[in-house]
Amino acid sequence: MRQTLTHNPLLRRIAAAAGTLLGVAVFVFIMLRAIPGDQITAGLGTEAAALTPAQQAALESYYGLDQPLFIQFFSWLGNLFTGNLGFSSRAQESVLDLTLRSLPVTFELAIFAIVLALLIGVPLGMLAASRPDSPRDGLAQVVSLAGLSVPAFLLATTLLSVFAASWGFNPNGEGFAAFTDNPLLNLQQMLLPAVVLGFGIAAPIIRTTRTAVLEIRSNDFIRTARAKGVPEGRLQARHVLRNALVPIVTMTGLQFGYLLGGAVVVEQIFSIPGIGRQVLLGIQQKEYALVQSTVLVIALTFVIVNLLTDLLYRVIDPRVRAA
Amino acid sequence: MTGVPLTTDTSPVPAAAGRRVPALLKSPTGLSGLILICLLAVLSLLSFSNSLPYDPLTQDAPSSLLAPSAQHWFGTDQFGRDVFSRVAAGVANSALIAVVAVAFAAVIGTLGGLVAGFYRGAADSVIGGITNVLFAFPPLLLALALASVFNRNWFTIAVAIAVVYVPIFIRVTRGPVLSLREIDYVRAATSTGQSRVMIMLRHVLPNITSIIIVQVALSLSWAVLTEASLSFLGLGTPPPAPSLGSMIFEARTLVYVAPWTMIAPGVVVVLLVVGLNLLGDGLRDGFDPRNRGKR
């Protein structure tokens with residue numbers, strides 16, 4: 001079977017992702033240009049008013065602001081490709097170094113949260129589907145409604161105060177410990193933030209699992225398996241759950257965006273030095289180069305995760321592979 | 001919470017809206033959502049009509065951090081401001097921002113979805129590209145970045161939130177429009193020489209209203225959460241305007257001495273979002289043709 005490049009669904013998907021990323025870069029560039037003032041006034045604040053026209057012009061040419069917009073865009077893009085994401089004047093560090101340090105922290109948090117969410121969501125969804133419209137179904141519905149409706153910042157603030165006050169458990173009060181330095185303290189520090197984020201994404205996982213399991217159970221092959229005497233546990237694991245995995249994986253992948261956004265809130269509350277906190281600090285300190293590059297890195301991460309989800313579900317679902 | 005919101009099932013040709021609304025009143029989910037939202041609407045009407053017991057902004061140092069009582073139903077905060085009045089004003093503020101944001105998103109997104117699905121071709125590619133770009137940002141992060149760019153007031157916050165929800169409305173309307181344009185009565189209308197704009201507005205749009213209504217209810221709940229998160233992070237409507245998110249932020253340090261300063265806005269924001277979610281679920285069940293026999 002011959003496949004031309006344009007007909008390979010995988011390559012097409014990757015090309016589309018690359019196109020989207022270019023669009024994302026344009027969007028971020030335009031958005032940051034829309035800020036009243038420019039890097040000069042943002043950097044100097046009110047002192048910018050004291051600049052002489054000559055100083056102003058010198059600074060503009062230094063930052064390349066006297067160039068036409070599309071040249072500014074391409075020189076920025078070119079810099080990005082060489083790994084130059086800009087420099088944070090507050091941190092006195094390159095944005096690349098900051099990002100290389102903060103991104104793994106957020107990844108660890110996200111993975112921890114996803115594991116917790118799957119541990120809560122999948123069993124609860126299967127339990128709900130095992131007897132629809134029963135009390136156990138009702139319980140799952142209430143948990144998922146709560147997950148959808150309790151804001152992350154409220155849950156985080158409440159947990160932090162309750163745990164610290166009632167049990168004196170406040171690992172986040174100490175300085176952040178990297179996993180490589182002090183794994184035990186690190187996991188303790190990640191626990192509450194991961195619970196908050198995990199609870200938020202457990203809701204869609206519960207709902208997706210419930211719907212998928214109900215749909216799969218009505219299939220003929222399940223009846224056949226039962227008729228030929230497959231034990232119930234094996235039936236649930238190998239026949240039902242295996243097939244329900246496709247929508248569950250897709251839903252979990254989609255929730256990664258929620259995790260990256262929610263990370264801004266949760267990392268701020270629990271003082272976790274991840275990528276979300278980096279964006280927020282950049283915004284608060286008006287370091288637009290930092291914000292611009294970090295937002296781009298996050299969007300890039302999100303696009304790549306979506307791409308990987310797509311690939312993963314090709315692995316799980318042979319039907320998609322064949323198509 | 002503010003995840004990537006997608007309605008899970010979009011049946012290709014949905015029920016027309018008008019006939020199914022009464023079904024909402026029969027479903028316990030939808031009805032309880034409706035009641036919650038009506039109660040909170042009364043609260044915000046009190047604020048909009050200036051008939052709150054106290055002014056939400058007036059400080060009164062001697063009566064700071066009073067526990068809930070007959071005078072101050074939800075107690076007072078660290079500046080002696082009445083928490084009940086502030087919560088009511090906060091709900092009004094959240095509701096205003098959420099409604100304006102979702103209205104913008106629904107109108108622009110539906111138009112985008114209609115044009116993309118009906119004209120296909122280049123229009124579809126361009127609109128699809130924009131949708132993909134906006135979907136590449138985590139929703140809360142996009143709102144945050146936009147809110148930081150604008151000069152912040154309630155309207156610019158609403159616009160920032162609207163941008164996040166436009167692609168959702170494009171995506172949920174485009175699919176059904178694609179299948180509707182192939183349906184016989186739409187083809188018949190085309191063959192009688194009606195203009196495409198007329199066909200879109202008279203024959204296609206009425207058939208996707210149920211999808212739009214469900215999406216509006218669900219988007220409102222996410223918009224309320226987004227607004228509250230932004231104001232919690234200090235990027236919402238600037239103080240001293242009362243906002244549920246910033247009230248919770250300020251109450252963090254008071255939670256041991258005056259728990260009511262956190263409980264009141266916390267419970268109200270949860271009730272608001274729960275109400276909107278229940279309403280959305282009730283509407284979706286009511287519109288779903290698969291439930292037609294049951295109710």
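## Helix H4 of chain B

At 1.5 Å a residue, the 15 residues of H4(B) should span 21 Å, and the end C-alpha atoms are 21 Å apart, which agrees. The expected span is 1.5 Å times one less than the number of residues. Helices here are DSSP runs (H or I, at least four residues), strands are E runs of at least two, and both are numbered from the N terminus.

Buried residues of H4(B) are Ile127(B), Thr131(B), Asn132(B), Val133(B), Leu134(B) and Phe135(B). Buried means 20 or more other C-beta atoms within 10 Å of the residue's own; exposed means 12 or fewer; partly exposed lies in between; C-beta atoms are placed from the backbone. The buried residues of H4(B) pack against helix H1 (9-33) of chain A, and against helix H3 (83-119) and H6 of chain B. A contact requires C-beta atoms, placed from the backbone, within 7 Å.

## Model and confidence

This is a predicted model: local features need pLDDT of at least 70, side-chain atom pairs count only at pLDDT 80 or more, and totals for chains, interfaces and linings use all residues. Residues are numbered from 1 along each chain as its sequence is written, while chains are lettered from A and ligands numbered from 1 in the order in which they are written.

pLDDT is the predictor's confidence in each residue, from 0 to 100. Chain B has a mean pLDDT of 83, with 89% of its residues at 70 or more. Residues 1-12 of chain B stay under 50, yet the model has 41 contacts for them beyond four places in sequence. Where pLDDT is low, the predicted coordinates should not be read in detail. For the complex, the predictor gives an ipTM of 0.84 and a pTM of 0.86.

## Chain B overall

Chain B has ten helices and zero strands. Of its 295 residues, 55% are buried. Among contacts in chain B with a separation of 6 or more, 75% join residues 24 or more positions apart.

## Helix H6 of chain B

Helix H6 (residues 154-180) of chain B has 27 residues, which at 1.5 Å each should span 39 Å; the end C-alpha atoms are 38 Å apart, which agrees. H6(B) has a kink of about 35° at Val164(B), shortly before the proline Pro167(B). The bend is the angle between axes fitted to the seven residues ending at a residue and the seven starting there.

In H6(B), 20 of the 27 residues are buried, so the helix is largely enclosed by the rest of the structure. Pro176(B) also sits in H6. It counts as buried because it has 22 C-beta neighbours inside 10 Å.

## The nonpolar core

The largest nonpolar core holds 166 residues, of which Leu141(B), Ile161(B) and Tyr165(B) touch the most other members. Helix H8 (residues 196-232) of chain B gives the most to this core, with 19 residues. Such a core is a set of buried Ala, Val, Leu, Ile, Met, Phe, Trp, Tyr and Cys residues joined through C-beta atoms within 7 Å.

Leaving out residues up to four places away in sequence, Tyr165(B) touches Ala101(B), Val102(B), Ala105(B), Gly109(B), Ser219(B) and Ala223(B).

## The A–B contact

The contact takes 35 residues from chain B and 43 from chain A. On the chain B side, helix H4 (121-135), helix H5 (139-149), H8 and helix H10 (260-287) each give two or more residues. H5(B) gives the most, with eight. The chain B side divides into 24 nonpolar residues, ten polar and one charged. Ala, Val, Leu, Ile, Met, Phe, Trp, Tyr, Cys and Pro count as nonpolar, Asp, Glu, Lys and Arg as charged, and the others, Gly among them, as polar.

Notes: Contact = placed C-beta atoms within 7 Å.
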